[in-house]
Amino acid sequence: MAAPFPPPPGPRFVLRGTQSPVNTLHFCPASQALGNPLLFSGSQSGLVHIWSLQTRRTVAALNGHKGQGVTWLKTLPQGHQLLSQGRDLRLCLWDLAEGRNTIMDTVQLDSVGFCKSSVLARGQLCWMLAVPGKGSDETNSSPRPLLLAGYEDGSVTLWDILERKVCSRIACHEEPVMGLDFDSQKAKGVSGSAGKVLAVWSLDGQQSLQVYKTHELTNPGIAEVTIRPDHKILATAGWDHRIRVFHWRTMKPLAVLAFHSASVYCVAFATDGLLAAGSKDQRISIWSLYPCS
Amino acid sequence: MDPALSAVRLTVQEAIHTLSSSEDVGHILSTLGTLKRYLGGTEDPALPEKEEFTTIHFSAILRCLVSKLSPGWLELSPDGQLEQLWESFFLDGPPDQAFLVLMEAIESTAGPSFRLMKMARLLEIFLSKGRVAALMEEQCRPQTKPSFPLFQETLLSKVVGLPDRLGNSLQQDNLTQFLPQNYFPLLGQEVVEVLKAVVNFLQGGLDCSVSFVSRVLGKVCIQGRKKEILGVLVPQLTVLTQDSCLWQRVCWRLVEQVPDRAVEAVLTGLVEAAPRPEVLSRLLGNLVVKNKKAQFVMTRKLLFLQYQHTTPMLQSLLGYLAVDSQRRPLLIQVLKELLETWGNSSAVRHAPLEQQCYISKAILVCLAHLGEPELQDIQDELLASMMAGVKCRLDSSLPPVRRLGMIVAEVISSRIHPEGPPLKFQYEDDEMSREMLALATPGPAGACSSETGGPSLASVVTETPVETPEKTVDSDVPSVQPQGSDSELDSDDEFIPYDMSGDKELKSSKEPRYIRDCLEALTTSEDMERWEAALNVLEGLVYRSPEATREVSVELAKVLLHLEEKTCMAEFEQLRQRALVAVTVTDPEQVAKYLTTQFYGLNYSLRQRMDILDVLVLAAQALSRPRSLQRLSQHGPPGSGTLCAPALASSQPGNAATPDWQVVVEERIKSKTRRFSKGCPRRELTGGPNEFNSVAGYFFFPLLQHFDRPLVTFDLLGDDQLVLGRLAHTLASLMYLAVNTTVAVPMGKALLEFVWALRFHVDTYVRRGLLSAVSSVLLSVPTERLLGDLPDELLEARSWLADVAEKDVDEDCRELAMRALLLLERLRDKLLSISSP
């Protein structure tokens, strides 16, 4: 059974030097970065590092969260602007244009949970930001803005933002939902929790959620789930130190990448298929698996 | 005197005179023509002149004709008329006399000569014209002459001995037709012809006796040509007896008339050649009931005294007993006796494995043929023998013997108590066990022909074998199907999964980091996860911190030795063993001392004692290996095996990269470097001291000290012979691993003494161990020391080995003894080559 399968590959390269566990990662799309692909990482010590993927060195480190951990990072569509969310209960908007590293704006938050924010871009200069309140987790949607949120009671809820009401709610986990991602092409999403189960659910025309499939993992604890931009594969960040890669359509396990020596906190995909994972062991590993066609 | 008869005599005398003296062709031809008249078939067969001629004068004429045979004489008539006439006398006259004269003449003619070849050719024609059938047919008619038995005896020996006699006379020039592989099938065909004639006679109301044919058959079979003759005979008889009662009766008569001393040979041949029990039954009738000798052969000799026969043969033999109601009591009797033998502990110990297998098969075939009521009658006896047999088989140290016991017991119990809960042993399925279980299921032919309860019997027995596959299929279905349907939909071939075997459950938080923590976790911890984690990492920890291990080595060994499986751990036995080996390797002296004394300790189970032996061997192996495993496994993750060190290095990508890189660099240097030395560069083997050298004694000698002193709980020379066998094997391994050490000589001496004390042990496994011990002594002790210090022991061992190689019942023992003898021979050759120059 095991014989015909090749051993899993090692990481393409490893970024070291955050000096602190890596909480979140975000690839800056190449178009925005002017041909110099960048990776943002947010660490527990409150720093945001900007890595050049060409030189594999830090370009800059942003210190704006007063030593409290950075939990979420996202560049805005118009480029040169970065949103960062920290445990200091602030959400900062950074201006990175022309080498500047200044905070342009901040939003005060009232949640101290794990929940990450989410951004819905509606045009070049118009975007909508969802920030966590007392509830829990994130994300995005369709013509009418809909928001998917994962809660600590293990449920995933679909909100209609304009009418401010719950469209649908499913309890698909027994443990708190830690991360979810949604594929709007296939109208399917996946969520991971502190438990052993990875749940795939689908959204039908009546905007109601249904559990489509579940997948049992060897070890409990998924910190983040990310679907690759081409909707072919997805990766999970496991508390068991491993990154798992699945085939998105069939949920067939494809690889178990055991490189980190502590919990993996985040996984992110670049548009060209590069996979980055940040871990409690203060390292960021970059992988190149199943290249995008 | 009858004038007609005296006229015949006169004619014959004249003819003989003419033949011997005349050179005139016309005269000779006319004389022969006159004589031929007496043979001719046109006249009335009852003619007295003809009778007189054929019985009294024919041989004389033939002898005279033979004596005249020469190229010149035959050429007297150039058109070949004379030759033709000459031959016709032999081919048309009474076949028995012609045959005897021919054989006599061939045997008395010396060397390669025209006459000899001529007569050999004539005999060939004689055979091909079916004259032998005519000859035998003649003997089947009622005879009255007083000298007849003697004559028949001569004829018999010549007919059967023809290939030998012709081979002797003709030497190199023998004709292919006379070779035994051609002659006996021909003879078989002739026998069929004779029997056909006999059946015709009987249908015509004539009296006939087949006793001559039976004697021919018996004699051929005794000479060991039963395959050739019966290979032709049996298939034809199978067809002929199918619908005809008369044919069946002729066959029964044929077998009944076989002389007593040939019965065994003929019956064995028939049982071998008969394809099915029904055929055998048609050929033999109720012979086993009527004939004591046949009964002995069929029910005892073929079953108990021989074991070389094939399974189909067993099936047709026992099937034959089962087919007829008169013979069924014999089958039950046979089953009882078989089981008695099967349950006899002395038989289990002394009979070779093949025979035990044969008897077990016979039992299963019997059971398949017997019906429910018949088995109920003898239930108690069956049960008693079965219990005895199972007990002594399960005691055996050889796995195949144990398995035989389990299989037979399962089948018997399922037949005796079809309703009760089935007896089920755990044994590995192999070819033999499958074959045996298949035997216990009666085939379609057997089921139809058995008279009582065919269907019920079949249903009962098939239940057990069918059940198991169904279960496994059921349990597989749910797990396989979803995956299968998925992969069918999956058209994305580009995503080939990577190996995910390393995806195990993580227990990192509980892993102890130090030896003492491990020790504490294993002894006192109530937390099972921690306990398991400790056992998992222990081996790695021991190798990484030898200093710390040495401080607590004996204590650790003690804990591991007494460790019991508290949870259902996947590889508990291996983990414990590997950890013990690691401890022993790290601190060999202390731990080996401890383990060897515990081997003869009071309160240990056999399992623990055998574990001790295994650990000692594995540790010795690790120590004696040129490249120490210790250094290799230091890089490895904790808990992985010592014995898979190379695989382990490659599992870590970081480590694997370094050697690759070094290899590449070395290759480049090599390609750029010119060497002026001769020959290709040789790879240097890294040498290192044999670490087993200094501690071999601690491993070895204490094990030898107490084997003959029984304890209350442990008696090596008594019931615990399995451990004794393991001990012998262990000592052999230790001896072998101690090659090139200084202590090898005293070790060898002590081991040979040990072997000498136990050399006549009844248990096969023990003997195997002893024989391999001798071999390893011969391999490990240097030649000159062997001859200098141990010459007497070697001489004694040699005679013992020769004896075992010749007489031991076990095949493996014989082979091991042969190997040891070969080693001894090599030793002698080496010595001779040293001393001669």
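## Chatting through strands, rings and charges

Tutor: In this predicted model, five bridges hold β19(A) against strand β20 (residues 233-238) of chain A, and the two pair in the antiparallel sense.

Student: Which residue stands opposite E224(A) in β20(A)?

Tutor: That's A237(A).

Student: And what sheet does β19 of chain A belong to?

Tutor: An open one with four strands, ordered β19-β20-β21-β22 in chain A, with antiparallel pairing. Its edge strands are β19 (222-227) and β22 (253-258), each pairing on one side only. From one strand to the next, the twist averages 15°.

Student: What actually links the strands of a sheet?

Tutor: Backbone hydrogen bonds, in either a parallel or an antiparallel arrangement.

Student: How many bridges join β17 and β18 of chain A?

Tutor: Seven, between β17 (residues 197-203) and β18 (residues 209-216), and those strands run antiparallel.

Student: OK, switching to rings. How many aromatic pairs are there over all chains?

Tutor: A search of the whole structure turns up 13. Among them is Y183(B) with F184(B), edge-to-face at 5.4 Å centre to centre and 70° between the planes.

Student: Are Y183(B) and F184(B) buried or exposed?

Tutor: Both are buried. Another pair is W531(B) with F572(B), this one stacked, with 6.0 Å between centres and 15° between the planes.

Student: Where do W531(B) and F572(B) lie?

Tutor: W531(B) lies in helix α29 (residues 528-544) of chain B and F572(B) in helix α31 (residues 572-586) of chain B, so the contact ties together parts that are 41 residues apart in sequence. W531(B) is buried, at 0% relative accessible area. F572(B) has 3% relative accessibility, so it counts as buried too.

Student: Which residues form an aromatic cluster?

Tutor: F599(B), Y600(B) and F714(B) make up one. F714(B) also has R609(B) lying over its face, 3.8 Å from the ring centre.

Student: What lies over the face of F304(B)?

Tutor: R300(B), at 4.7 Å from the ring centre.

Student: Why does K118(B) count as buried?

Tutor: Because its relative accessibility is 17%, and buried means under 20%. E83(B), at 26%, counts as partly exposed.

Student: What does E374(B) meet in a salt bridge?

Tutor: R328(B), at 2.8 Å, N to O. That pair links distant parts of the chain, with E374(B) in helix α22 (residues 372-377) of chain B and R328(B) in helix α19 (residues 328-342) of chain B, 46 residues apart. E374(B) counts as buried at 14% relative accessibility, and R328(B) does at 5%.

Student: And R798(B), which partner does its side chain meet?

Tutor: E825(B), at 3.4 Å, N to O. R798(B) sits in helix α42 (residues 791-807) of chain B and E825(B) in helix α43 (residues 811-835) of chain B, so parts 27 residues apart in sequence are tied together. R798(B) is partly exposed at 33%, and E825(B) is partly exposed at 27%.

Notes. Residues numbered from 1 in each chain as written. Chains lettered and ligands numbered in written order. Predicted model: local features only at pLDDT ≥ 70, side-chain atom pairs only at ≥ 80, totals over all residues. Heavy atoms only, no water. Pairing = 2+ DSSP bridges. Axes fitted to C-alpha atoms, helices over the stretch in contact; angles between N-to-C directions. Phe/Tyr/Trp six-rings, centres within 6.5 Å; stacked < 30°, edge-to-face > 60°. Buried < 20%, exposed > 50% of the residue type's maximum accessible area, 1.4 Å probe, protein only. Lys NZ or Arg CZ within 6 Å of the ring centre and 35° of its normal. Salt bridge = Lys/Arg side-chain N within 4 Å of Asp/Glu carboxyl O.
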